Amino acid sequence: MKRGPGLALAVVVWSLTPARQADASLVWPDVPERIERALSSPDAAARRAAARDLSTLGVARATPLVLRALGDADLDVRVAAAQSAMRLRVTSATDAVLPWLGEREARLKLTACEVALAMPNARAVPAVARALGDGDAQVRAACADALGSSGSPEAVAPLSGKLDDPTPAVRVQVARALAKLGDGRAVVPLVGKVQDSVPEVRQAVVRALGDLDDGRATQALLLALRDVSPEVRIEALGALGRLRAPEAATAVEPLATDRNPGVKQAALVALGRIGTPAAVRALIRSIGASSDDAAASLERTPVRDALASAGNAAVVELTAALERPISPQVA
């Protein structure tokens, strides 16, 4: 049977499809050997190119070469090898880059944190935690990010100790990391930072307390409702709503008519999530104060959405409201 040029063209097209390209093991037989030879070249530029090309190999072929390149004398080769390791998910690279956290070069330390973030393991926690004391704020923030993704309970204590970091951006990252870990031991240290001097830090702390879903944070979040920053108040309302804190309804109600649209919307949502009779009654009282609801249309409004989200508790209170003399708009 004669095979024409059409068949050859089809084979070429098939080999270039995304599915074929995604399979890193489909490389020319001489490519791994060429990359390996280039990694031994005295020319640093050749080694850098080879380190970048490692990501074109399959994990099995690339792993020993990646680990070898991570120990290269040239900084750019090591960083390129780390990038290839992350693309290929060479998990053993995390252990290999931990010594970089003790290097002088900040770029190496940041890359080590990136690897630990992308491929976390519990063995990395002590080394990354020590680097939280680094003199470079970017490195400290990157370490906090990596610890937050570690999933290790051993990361809670060192992170909690850095909530007083002199750099606000680091404190923000530490709060986010503690929230990501989801460990209740972080609640008390975070509560102590609700009145941080920087609004962005307070905002991150309040959000973290809401994410941790622990009732011990309620009083601190109620305090945050009086914050001078609208963004902090919005986060506090969201957190109290997620906690479904019944004692918060009275403090949240005044904010349901706040001049700031974001605060007002967050207060209504929080009352709906809290869903207690007191919260529902606060929402009913808000109906008449809302221009949307005063129009007496049947369209959805923020207050009505909040009442709907309250569920069965709203049914009882709304029925009782209809049995009392009320304005047509409220009815």
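This is a predicted model: local features need pLDDT of at least 70, side-chain atom pairs count only at pLDDT 80 or more; totals for chains, interfaces and linings use all residues.
The chain contains 22 helices and 0 strands. Of its 331 residues, 46% are buried. Contacts that reach along the chain were also examined: among those between residues at least 6 apart in sequence, 62% join residues at least 24 apart.

One helix pair can be looked at in detail. In general, two packed helices are described by the angle between their axes and the distance between the axes. Helix 8, covering residues 106-118, packs with helix 10 at an angle of about 10 degrees, and the two axes are 8 Å apart. Because angles under 35 degrees count as roughly parallel, helix 8 is roughly parallel to helix 10. On the helix 8 side, the contact is made by Ala106, Lys109, Leu110, Cys113, Ala116 and Leu117. Helix 10 contributes Gln138, Val139, Ala142, Cys143, Asp145 and Ala146. Sorted by class, this contact of helix 8 with helix 10 has 9 nonpolar, 1 polar and 2 charged residues.

Attention now turns to empty space inside the model. Rolling a probe the size of a water molecule over the atoms shows where empty space is left. A search of the whole structure finds 1 cavity of 30 Å³ or more, and the volume of the largest cavity is about 50 Å³. Its lining consists of Ala116, Pro120, Asn121, Ala124, Val125, Val128, Ala146, Leu147 and Ser150. Helix 9 (125-130) and helix 10 (137-148) each supply at least two residues of the lining. By class, the lining residues divide into 7 nonpolar, 2 polar and no charged.

Not counting residues up to four places away in sequence, Ala129 touches Leu147 and Pro158. Leu147 is also one of the residues lining the largest cavity. From Ala129 to Ala146, the separation is 17 residues in sequence and 9.4 Å in space, C-alpha to C-alpha.

Two further buried residues lie in other helices. Ser84 is found in helix 6 and is buried, with a relative accessibility of 0%. Beyond residues up to four places away in sequence, Ser84 touches Ala51, Arg52, Leu54 and Ser55. Arg202 lies in helix 14, which spans residues 199-212. At 8% relative accessibility, Arg202 counts as buried too. With residues up to four places away in sequence again left out, Arg202 touches Lys193, Val194, Gln195, Asp196 and Ser197, along with Asp227, Val228, Ser229 and Val232.

Arg89 has a positive phi of about 60 degrees although it is not a glycine. Arg89 sits in the loop between helix 6 (75-88) and helix 7 (93-97). Its relative accessible area is 46%, so Arg89 is partly exposed. Arg244 likewise has a positive phi, near 50 degrees, in a residue other than glycine. The loop that holds Arg244 runs between helix 16 (230-243) and helix 17 (249-252).

Note on methods
Residues are numbered from 1 along each chain as its sequence is written. Side-chain values use heavy atoms; hydrogens and water are left out. On a 1 Å grid over the protein atoms alone, a cavity is a set of points where a 1.4 Å probe fits but cannot get out, and a pocket is an open set with protein on both sides within 12 Å along at least five of seven lines; lining residues have an atom within 4 Å of a point. Grid points are joined across faces, edges and corners, and a volume is the space filled by probe spheres set on the points. Helices (H or I, at least four residues) and strands (E, at least two) are DSSP runs, numbered from the N terminus. Ala, Val, Leu, Ile, Met, Phe, Trp, Tyr, Cys and Pro count as nonpolar, Asp, Glu, Lys and Arg as charged, and the others, Gly among them, as polar. Buried means under 20% relative accessible area, exposed over 50%, partly exposed in between (1.4 Å probe, protein chains only). Contact means heavy atoms within 4.5 Å. Axes are lines fitted to C-alpha atoms, for helices over the stretch in contact, and angles run from 0 to 180 degrees between N-to-C directions. Angles under 35 degrees count as roughly parallel, over 145 as roughly antiparallel, 65 to 115 as roughly perpendicular and the rest as oblique.
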